[in-house]
Amino acid sequence: MIESLLLNLQSHDAVTQAEKDLLRSLVKREKHFSVDEDLVSEGSRPMFSTLLLDGFAARYKILDDGRRQITSLHIAGDFVDLHAFPLKIMDHGIVALTPCHVALVEHDDLKRITETSPHLTRLFWLDTLIDGAIHREWIVAMGRKSKKAHIAQLLCELFVRLQVVLRTDGQSFHFPLTQVELADVVGISVVHLNKSIQSLRKERLLTWTNHTVTILDWDRLAQFAEFDPLYLNLSVEPR
């Protein structure tokens, strides 16, 4: 059930069998969410953190005029709100972009881990640090890169993250976001987004058909996006 989480953690450091057993014991409740349903709502005070087992979810903020900005994308193996444990009150929402299957991990159990398992505590801490690193890359891309390069970087990042949790097929991956949702990620109009995607297709960098993205030339796409996976910290070493 939590194999994606284990794959995620093991991309950074070795996890012992005892630690795997402890992580499996955390899953006492599961829940399914429909498309556009909030996994966690802004202003709420959750008593658990949400582990995404399957599906795509997004962290977001809504402006007073109703416009939405998506600030991160989450895939299987992600704790979408691990930070809710110390923060207590959520200052943003997390929405299901596809049907989502999650595990709810009680904060009391997370507290016990911080008191009894320092290595897992450090790995969870690293998880939140990588979230911060991803946010920094998104800010740089949104502020300084062309929109086409921004989209290219996003696709490179998602491919690598999905590859870690064995959710890719060769150079292809399932990407079920609508153009409206992707526009909310990049912060542009749907028309501008569509033109950028068409340009990437014409340059034979990728194809995008029926929610499947296939990267045709990884080296050229990564070079165009100025994508460096260093910020994902995919080196297995003692933490």
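Modeller: Helices (H or I, at least four residues) and strands (E, at least two) are DSSP runs, numbered from the N terminus. This is a predicted model, in which local features need pLDDT of at least 70 and side-chain atom pairs count only at pLDDT 80 or more, while totals for chains, interfaces and linings use all residues. Residues are numbered from 1 along each chain as its sequence is written, and side-chain values use heavy atoms, with hydrogens and water left out.

Biologist: Okay, where is Ser196 placed?

Modeller: Ser196 sits in helix 8, which covers residues 190–202.

Biologist: And is Ser196 buried or exposed?

Modeller: Ser196 counts as buried because its relative accessibility is 7%, where buried means under 20% relative accessible area, exposed means over 50%, and partly exposed is in between (1.4 Å probe, protein chains only).

Biologist: What is Ser196 in contact with?

Modeller: If neighbours within four places in sequence are left aside, Ser196 is in contact with Lys147, Lys148 and Ile151, contact being heavy atoms within 4.5 Å.

Biologist: What about Gln153, is that one buried or exposed?

Modeller: Gln153, which lies in helix 6, counts as buried because its relative accessibility is 3%. Not counting residues up to four places away in sequence, Gln153 touches Glu137, Ala141, Lys145, Ala225, Phe227 and Tyr231.

Biologist: Switching to the loops, which one holds Lys88?

Modeller: Lys88 is in the loop between helix 3 (84–87) and strand 6 (93–96), and its phi is near 80°, a positive value in a residue other than glycine. Lys88 is partly exposed, because its relative accessible area is 39%.

Biologist: And how does Asn210 come out, buried or exposed?

Modeller: Asn210 is exposed, because its relative accessible area is 72%. Asn210 lies in the loop between strand 10 (206–209) and strand 11 (212–215), and it has a phi near 50°, which is a positive value in a residue other than glycine.

Biologist: Now the strands: which strand does strand 3 pair with over six bridges?

Modeller: Strand 3 (residues 48–54) has five of its seven residues buried, and it pairs in the antiparallel sense with strand 7 (residues 100–106); two strands pair if DSSP finds at least two bridges between them. Within that pairing, Thr50 has Leu104 in strand 7 as its bridge partner.

Biologist: Which residues touch the most other members of the largest nonpolar core?

Modeller: They are Leu73, Phe173, Phe175, Leu182 and Val185, out of 45 residues in that core. The largest share of this core, nine residues, is supplied by helix 6. A nonpolar core here is a set of buried Ala, Val, Leu, Ile, Met, Phe, Trp, Tyr and Cys residues joined through side-chain atoms within 4.5 Å.
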